[in-house]
Amino acid sequence: MSGQFENKSLLNEATIAELWELDAGSGFVQELVVEFNAQNERLLDEIVRFAEVCDLESLQFSVHTLKGSSFNIGADRQAALALSIENASKVDDCDTGRQLV
C-alpha cells in the first residue's frame, strides 16, 4: 500500500463505537460486517478488472460504492484509498488508478 495511506487509521474507533451502540445486542454489527465482507470481495474483484481494462466509468462506480461502505463501517484507510482511485478515474488517469489498485 502506498505510503500516503499509512498514516490513516485502519479502522475508525469512533465509528466502530457508534455501530456497537446502535447494535445494543441485536446482532446488527455482525450482520453488517458479514455483508460488508461479501460486498467488499465482489467490489475489489470488479475494481481490479475495471482498472486492468481502463473502464473508467465502471471503475468510478465500484470505487465510489466501496468508499461509501468503507466509511460507513469505519474502514477509513480503505475508504481513503478508494477515494484516491475514484479521483484518478474522474480525470481519466488509468495509470494512477492501476498503481493504486
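Me: How many aromatic pairs does a search of the whole structure find?

Reply: The search finds zero aromatic pairs, a pair being two rings of Phe, Tyr or Trp (its six-membered ring) whose centres lie within 6.5 Å. This is a predicted model, in which local features need pLDDT of at least 70 and side-chain atom pairs count only at pLDDT 80 or more, while totals for chains, interfaces and linings use all residues. Residues are numbered from 1 along each chain as its sequence is written, and side-chain values use heavy atoms, with hydrogens and water left out.

Me: Why is Leu44 called partly exposed?

Reply: Leu44, whose place is in helix H2, has 37% relative accessibility and therefore counts as partly exposed, since buried means under 20% relative accessible area, exposed over 50%, and partly exposed in between (1.4 Å probe, protein chains only).

Me: What makes the charged end of Arg49 sit over the ring of Phe50?

Reply: The charged end of Arg49 is 5.1 Å from the centre of that Phe50 ring, and the term requires CZ of Arg, or NZ of Lys, to be within 6 Å of the ring centre and within 35 degrees of the ring normal.

Me: Which residues touch the most other members of the largest nonpolar core?

Reply: Of its 13 residues, these are Ile47, Leu59, Val63, Leu66 and Ile85, where a nonpolar core is a set of buried Ala, Val, Leu, Ile, Met, Phe, Trp, Tyr and Cys residues joined through side-chain atoms within 4.5 Å. A second, separate core of five residues includes Leu19, Val29, Ile73 and Ala75.

Conventions:
Helices (H or I, at least four residues) and strands (E, at least two) are DSSP runs, numbered from the N terminus. Rings of Phe, Tyr and Trp (its six-membered ring) pair if their centres lie within 6.5 Å; planes under 30 degrees apart count as stacked, over 60 as edge-to-face and the rest as tilted.
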